[in-house]
Amino acid sequence: MIWNAEAETLGRAARARLQLARLRETIGWAVAHVAFHRERLGGVEVRRLDDLARLPFVRKTDLRDHYPFGLFAVEPGEIARIHASSGTKGKPTIVGYTAADLNVWREVMARVMAAAGARRGDLLHIAFGYGLFTGGLGFHDGAERIGMTVVPVSSGNTARHQLLLRDLAPAGICGTPSFVLHIAETLTAEGENPRTLGLRYGMFGAEPWTEGMRASLENALGCPAYDIYGLSEIIGPGVAGECEVRDGLHIQDDHFLPEVIDPATDQVLGPGREGELVLTTLTKRALPLVRYRTGDVTTLTDAPCPCGRTSIRMARVKGRSDDMLVIKGVNLYPSEVEATLLAIEELLPHYQLVVDRRATLATLEVRVEPAPALVERCGGFDAAHPLIVGLRQRVAERLRMAIGLSVQLTIVAPQTIPRSEGKAVRVVER
Ligand code: DLL
């Protein structure tokens, strides 16, 4: 279902006119209210959308340097809500919303959730964390806007999730792919089949995941899994999401203007070329950002989508450019390892990449768990069992073919890879 047909199917020319008007307004607003933007953008003339390419970038470090409120463009009393990015290192990045910004957020969330099949009256089980993280409250607000019945379970406490999924029979579930898969697994371990819960759709995001992970989730839950993307600095979840065609994520580009750039040269790349996603907010008042470097690697397409929405679409995010590993001169994203591992039936989608930088050349160990059926055939887990040894050799070879790198592959005992309750930690540094 298209939530806002007028906005979501707007013709290309009308969309570009709207974007240009909103871009000029945003720059004017930022320059008028924030010294940082005034120094960098004061006096610039934006006559066409292409002119954006000449403007300087904003980086996460700029937000950190102006911690906590230095880039806010409204008086403190106008801020209706604060959230923060889930950064693990140092201080979080604080973001703020006016009441009008929260309305924009509800609108874009309603759009991406409706595109995934969410309907008025549906019960939605929210397994994203609540709090400063934008996942829980973002989906919560969007669901209320649609008129859904919200079950704000939050992350953690797997037993509580099991109970509520069983007893309340929600139509939809949302959470990080890794955590929801973990819930499904624990249900299976207790002899239940999560496919019989009656879920009609799942909405996932907040961490990179692959088509293999999608297949695992759909197989475990018995319903389609939709990809939803966003980041706190721009608004939270709802920047983009998949429709039923599931060939890229529709960017809500009447509110967020996308570009993809080559991070090495800073040049804008055309459709279909992979690079770093850069976003400009078009309607935000509390924290307007022009050319924000997301760090996320993707491609854009302007090819028409059969669903009728006319927005630009982005490919599933491959990873963050700072998550890219360089091992023996080979550039590698954890998602590329995931894609290979998840294509192998005897493995579980629980894996970790252990990078050891103590030697001159960094080395990579890939740790992954075997599927229960295989462990059963071995009569219990035994790393030296011929079936496990054979599998290890096969997986190592497949990885070598796929990523061009010989890695140390370890098949670890079941339940040894830590299960995440939020964003999975895929890379461990030694
Ligand atoms: O993760 C917002 C969000 C919540 C999105 C719930 C979707 C669902 P942050 O904590 O600021 O905000 O982290 C943003 O997470 O730059 C990406 O690197 C990554 N990310 C978010 N969604 C996806 C996705 C939220 N669908 C950072 N696929 C972003 C891949 C994603 N990576």
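**Loops, helix packing and rings**

Me: Where is the place of Ser-232 in the fold?
Reply: Ser-232 sits in the loop that runs between strand β7 (225–231) and strand β8 (236–242), where helices (H or I, at least four residues) and strands (E, at least two) are DSSP runs numbered from the N terminus. The model is a predicted one, in which local features need pLDDT of at least 70 and side-chain atom pairs count only at pLDDT 80 or more, while totals for chains, interfaces and linings use all residues. Residues are numbered from 1 along each chain as its sequence is written, and side-chain values use heavy atoms, with hydrogens and water left out.

Me: Is Ser-232 buried or exposed?
Reply: Ser-232 is buried, because its relative accessible area is 9% (buried is under 20%, exposed over 50% and partly exposed in between, with a 1.4 Å probe and protein chains only).

Me: And what does Ser-232 touch, sequence neighbours aside?
Reply: Not counting residues up to four places away in sequence, Ser-232 touches Ala-84, Ser-85, Val-95, Tyr-97 and Thr-134, contact meaning heavy atoms within 4.5 Å.

Me: Thr-134 is in helix α6, then; at what angle do α5 and α6 pack?
Reply: Helix α5 (residues 99–115) and helix α6 (residues 134–146) pack at about 80 degrees, and their axes are 8 Å apart; axes are lines fitted to C-alpha atoms, for helices over the stretch in contact, and angles run from 0 to 180 degrees between N-to-C directions. With that angle, α5 is roughly perpendicular to α6 (under 35 degrees is roughly parallel, over 145 roughly antiparallel, 65 to 115 roughly perpendicular and the rest oblique).

Me: Which residues meet there?
Reply: From α5 come Asn-103, Trp-105, Arg-106, Glu-107, Met-109, Ala-110, Met-113 and Ala-114, and they meet Thr-134, Gly-138, Phe-139, Asp-141, Gly-142, Ala-143, Arg-145 and Ile-146 of α6. By class, the contact of α5 with α6 has eight nonpolar, four polar and four charged residues, where Ala, Val, Leu, Ile, Met, Phe, Trp, Tyr, Cys and Pro count as nonpolar, Asp, Glu, Lys and Arg as charged, and the others, Gly among them, as polar.

Me: What about α7 and α8, at what angle do they cross?
Reply: The axes of helix α7 (residues 158–168) and helix α8 (residues 177–189) come within 10 Å and cross at roughly 75 degrees, and that makes α7 roughly perpendicular to α8. Thr-158, His-161, Gln-162, Leu-165 and Arg-166 of α7 make the contact with Phe-179, His-182, Ile-183, Thr-186 and Leu-187 of α8. The classes in this contact of α7 with α8 are four nonpolar, five polar and one charged residues.

Me: Switching to rings: how many aromatic pairs are there?
Reply: The structure holds five aromatic pairs (rings of Phe, Tyr and Trp, the last by its six-membered ring, pair if their centres lie within 6.5 Å; planes under 30 degrees apart are stacked, over 60 edge-to-face and the rest tilted). Among them, Phe-204 and Trp-209 form an edge-to-face pair, 5.7 Å centre to centre with 65 degrees between the planes, and both Phe-204 and Trp-209 are buried. Ring pairs also link Phe-128, Phe-133 and Phe-139 into a cluster.

Me: Which rings have an arginine over the face?
Reply: Arg-285 lies over the face of Trp-29, at 4.8 Å from the ring centre, and Arg-293 lies over the face of Phe-57, at 4.7 Å from the ring centre; the criterion is NZ of Lys or CZ of Arg within 6 Å of the ring centre and within 35 degrees of the ring normal.

Me: Where is the cis peptide bond?
Reply: A cis peptide bond joins Tyr-67 and Pro-68, with omega about -5 degrees, and Pro-68 lies in the loop between α4 (60–65) and β1 (81–84).

Me: And what is phi at Arg-246 and Asp-266?
Reply: Arg-246 has a positive phi of about 55 degrees although it is not a glycine, and its place is in the loop between β8 and β9 (249–251). Asp-266, in the loop between β10 (256–261) and β11 (275–281), has phi near 70 degrees, again a positive value in a residue other than glycine. Arg-246 counts as partly exposed at 26% relative accessibility, and Asp-266 counts as partly exposed at 31%.
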